[in-house]
Every structure is written in C-alpha cells, then in structure tokens.
Amino acid sequence: MNETIKLIIFNAVKILVVTHVLLGAVAYTVWLERKLIGRMQNRWGPTRVGPFGLLQPIADGLKFIVKEDMLPPGVNKPLFILAPAIAVVFGLTPLAVIPFGPMLDAARYGWGEKAQGLQITDVNIGLLVILAMTSIGVYGIALSGWSSNSKYSLLGALRASAQMISYELSLGLSLVGVLMMSQSLSLRAIVDTQAGGILHWNIFAGLQIIGFFVYVTSAFAENNRIPFDLPEAETELVAGYHTEYSAMKFAMFFMAEYANMFSASSIATLLFLGGWHPPHPAMMLGTEGSLAYALSGVFWFAFKIFLFICFYIWIRATLPRFRYDQLMSFGWKFLLPLALANVLASGLVIALRNT
Amino acid sequence: MVHQILFFVFAGLCVAGALNLLFQKHPIHSALSLIVVMGSLAALFLLLGAEFVAAIQIIVYAGAIMVLFVYVIMLLNAGEEEKSPDNSSIALYIGVPAITAIVAFVLLLLVRRNDVHDGVQLGQFMGGTKAIAMKLFTDFLLPFEVTSVLILIAIMGAVVLARKER
C-alpha cells in the first residue's frame, strides 16, 4: 500500500483507540470512585447492576441519554448549549499530545519505514498546548454559570473561574523546573530524559519533589476536586455551575471533569514520574522497538495513572473542603511563591552542575 | 498551496470575529467574538512557524486576559446595548465619508509601494523557544526589564484603586 495511506490508517487507528479508551476509562473512573469512597466510608458502593456493580456506568449512560433535556426559561440559549461543549472539547484535546508508550519500530511488522510513537502527534510545544487547553477550559465553566440565569449557578461559576485562573499560575510555574531539567517542551523528549529506572525519574534525580507537590496541589484546584471543590459544593450551592443542566449536558460536564483529571494525572506521570518507564529497566518485556516493549510501556503508564486516580479519590474521601478565602490566599500567598522559589532553586542547581 | 488556503481561512475567521464583535448587542457575545479573533491570530502565528508565540497567545490572551474581560462582564451584569431613539447626524454625514477616505488612503499607499519584498513566506521562521529566550535575555534585556517594572506599577495602581476607604 502507499506510504501515505498506511500513515493515515495508523493515525486513524491511534485516534480511535485513544478516544474510546479514554471515554471508557472516564465512565469506569466514576464506578471506581463510588466503590472506593463507599469502602472508605464502610459501605458497599454500587453492587446491584451487574457483578460488583460493573454495569453501573452503562446504566448511568443510558439514563443520561433518555432523560429529558430541559432548557430552562430565560437562559441564554447559544451559550447554554455551547458551554458544556467547550468544557468537553478542551478537556479531551490534551490527549492528542500525550505519549502513551515508547517508539514502535514499525518496520519490523512491515508497516512503513520509520518508527512510530504511541502518541497522536508529537508537537514541539506539547507542554504549552496542554496549558493552553486547560486555560480555555475555564470558559466552559464561566459561561455555563452565567447563561443559566440562576444565582446559584452564577456564584458557582464566578468562584470556579477565579479559582482556576489563580491556580493556573502555580501550575505553569511548577512545570518550569522540569522544563529546565529536560531542555525541551516536547513531551516525548521530556520522558526520554527519564530513562533508566526509578532513580532517574524527575521527581528524584531532577530534584523536583517540590515541583511535584506544587503541581499536584494546583492540579487538584484546576480540576475543582476536593479539597478545592467549592464551586460545586453540594451543601452550599445546590450544585454550583451545573445546577440548571439536565441529561446529556450534565453528563458532558461530568466527562469533562474526569477527562481533566486524566490529563492532569498524565502530565504528572510524564513529567515527574518517568512516563512509561518502569521502576527498573528489566521490568519490560521484549526488546526496544518491539510491540511487546511498547505494550509494556503502555501498561506502566496506565498503572501510574491508575495510582494517581486512586490518590484523587482517596483525597476526596478524606479531606474537608477549603473555605473560599482560604483557598485564594493559599494559591496566591503560598503556592505561587513556592513555585517561584522552585524555579530559582532548579536554575541554581543546573548552573552549579554545569560548572 | 495548503498553507495559503489555511491562511485565508483563518484570516477570514479573524475578520469575521472582529466584525461580529462590532455588530453584537450584548457585551458577552462581543467578548466571545474577541476570543475567536485571538484564536485565529494564534493559528496565523502557527502558519508562520512561530509556535511558541502561538501557544503563548492562547495561554495569555485568550486564556487569561479574555477570562478577566468575561469575568467583569458577568460581575457587572452588563445588559444589552440600548439603541438611542434619535440617529446621530454627525455620525452619518461626517463619520462615514471620513472612514471611507481613510481606508482609501491606506489602500492607495499599500498598492503604490515601490519597495515591496516577497513578503514573508509561510513557515519561514526557524527560531523556536530557545532562540526567543536567547534574544530576550541578551539583546532585548532592557525592554524586558522595563516592561516588568511597568507591569509592577500597574499592579500597584490596581491595588491602590481597589483598597477600601478607611
């Protein structure tokens, strides 16, 4: 077959696999969350629908599809319909630049000449693309609250957008330390500098433990997860910015939140925990470039993301939420100076290493 | 060829967004049109090969500055523009001819330029993040520092203005 056609088919397969796996993972993360939180609260999670409640997300999906999709009176119709779309689209787009596994030597399997990476595209500015998508995702929340013509929604939306833009700063700055260590903005290049086992991961060898802490905290705040979930505080604002949304649009906000959780976990894994490298180089099957090697890379990547998601859920079951002024002062007066100090310290360490 | 088609698509989107900004009655729709303009400018930067600038355009302009615009519109609950009952005759009899004259003058200047180069080829810039950083911190260090001081003064002014009266 023609080289171009092979390339197009390979990319189409990659896009389909990544999208479907992610959407399935989003649905089953809801199941995992309900199960884990239930267990931590000494009760079963969903158990009735299917074995261990495994068909619960499918039942939920069916419910969302057949529910009545209300358009309350007085809403700003174009924005009301556009807002969940923005939230979902810009929550899923970061997946296009995330590398899931090592380079696959496609020539071995008769599929073209050069090695293909298990990544949809490898742009030079991959890290900035992800930051840009999270910046624009704020609009989904702000516009949904405003267009809903409801006081609860408006307050929730204002709180959410202020919180998100405040924590975006420390999010970006915490990544600058990693950037300086790996000298590149391309995500595949950043992962490649962390080869060789657990002591080479950026969190240890790159001395980015403080960067990791700042990043994880800012990611929790960006995703509006507990302890920073005042925008959707169930006890205070009914449901915050998605109060007036019913069936499928509400499901889209849900999907957007969990997709954002995935993106944040993926970035933390790629930048701080070594991406798809195992804790010891011997823990991979096959030789470099083979399919077995690529798939075991994907396994390690998925395993680390799974650990992160469990961490997110564990924190949700454990911590109370911040008050709004505590939240803002924590972001501006503690995290931002800490991230700046991390940048300075990393720069100093690199300069001393190079002399 | 593909680059030229993409250029016209995004330039058309940019102009359409700007015109929509003028013709919308509600400020929030105008703000969203401005975001479309910023996005298409970023796409034009990408077509030129300036990838870092395109990403920063989205992160800073469309993702932070416009969020603050939208925030202010939401907080002040700005309503739709009211149409004044009497049409302003100054706008009609002096404004429209003046704008036509200025646009014609600018077009005349553009058409009669003698020193036309080939223009910038799409994808011509080969700099990347590293080249920008090197230039910014060596050749353009003074403007960089002066801009930082300017932003600091703006922040202090905003804090002073927003302070509560004792």
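Across the interface of chain B and chain A, the rule finds zero salt bridges. This is a predicted model. Polar contacts do occur at the interface: four residue pairs, with both partners at pLDDT 80 or more.

The area buried between chain B and chain A is about 1,900 Å². Carbon and sulfur atoms give 78% of that area.

Now take chain B by itself. Chain B has six helices and zero strands. Along the sequence, its pattern reads α-α-α-α-α-α. Chain B has 166 residues, and 19% of them count as buried. Consider next the contacts in chain B with a separation of 6 or more. Residues 24 or more positions apart account for 67% of these.

Turn to the aromatic rings. A search of the whole structure finds 19 aromatic pairs over all chains. One of them joins A:Phe220 and A:Tyr312. Their ring centres are 4.4 Å apart and their planes stand at 25 degrees, so the pair is stacked. The pair links distant parts of the chain. A:Phe220 sits in helix H7 (residues 209-222) of chain A, while A:Tyr312 sits in helix H9 (residues 291-318) of chain A.

A:Phe228 and A:Phe330 form another stacked pair. Here the distance is 6.4 Å centre to centre, with 25 degrees between the planes. This pair, too, links distant parts of the chain. A:Phe228 comes from the loop between H7 and helix H8 (247-272) of chain A. A:Phe330 comes from helix H10 (residues 324-354) of chain A. A:Phe330 is buried, as is A:Phe228. Ring pairs also build a cluster, which links A:Tyr167, A:Phe228, A:Phe322, A:Phe330 and A:Phe334.

A:Phe228 deserves a further look. Why does A:Phe228 count as buried? Its relative accessibility is 2%, and buried means under 20%. Leaving out residues up to four places away in sequence, A:Phe228 touches A:Gln163, A:Tyr167, A:Thr217, A:Phe220, A:Ala221, A:Phe322, A:Leu327 and A:Phe330. That list includes A:Phe220, a member of the stacked pair with A:Tyr312. A:Phe228 can also be compared with A:Tyr324. These two are 96 residues apart in sequence and 8.6 Å apart in space, C-alpha to C-alpha.

Stay in the loop between H7 and H8 of chain A, where A:Pro227 lies. The peptide bond from A:Ile226 to A:Pro227 is cis, with omega near 10 degrees. A:Asn224 lies in the loop between H7 and H8 as well. A:Asn224 is not a glycine, yet has a positive phi of about 55 degrees. Most residues other than glycine have a negative phi, and most peptide bonds are trans. At 2% relative accessibility, A:Asn224 counts as buried.

A:Asn42 has a positive phi of about 65 degrees, although it is not a glycine. Where is A:Asn42 found? A:Asn42 is in the loop between helix H1 (3-40) and helix H2 (56-66) of chain A. Is A:Asn42 buried or exposed? At 72% relative accessibility, A:Asn42 counts as exposed, whereas A:Asn224 counts as buried.

Finish with A:Ser346, placed in helix H10 of chain A. A:Ser346 has 4% relative accessibility, so it counts as buried. Which residues does A:Ser346 touch, not counting residues up to four places away in sequence? A:Ser346 touches A:Gly177, A:Met180 and A:Gln208.

Note on methods. Residues numbered from 1 in each chain as written. Chains lettered and ligands numbered in written order. Predicted model: local features only at pLDDT ≥ 70, side-chain atom pairs only at ≥ 80, totals over all residues. Heavy atoms only, no water. Buried area = accessible area lost by both parts, 1.4 Å probe. Salt bridge = Lys/Arg side-chain N within 4 Å of Asp/Glu carboxyl O. Polar contact = N/O pair within 3.5 Å; in protein donor to acceptor, adjacent residues only side chain to side chain. Phe/Tyr/Trp six-rings, centres within 6.5 Å; stacked < 30°, edge-to-face > 60°. Helix = DSSP H or I, 4+ residues; strand = E, 2+ residues; numbered from the N terminus. Buried < 20%, exposed > 50% of the residue type's maximum accessible area, 1.4 Å probe, protein only. Contact = heavy atoms within 4.5 Å.
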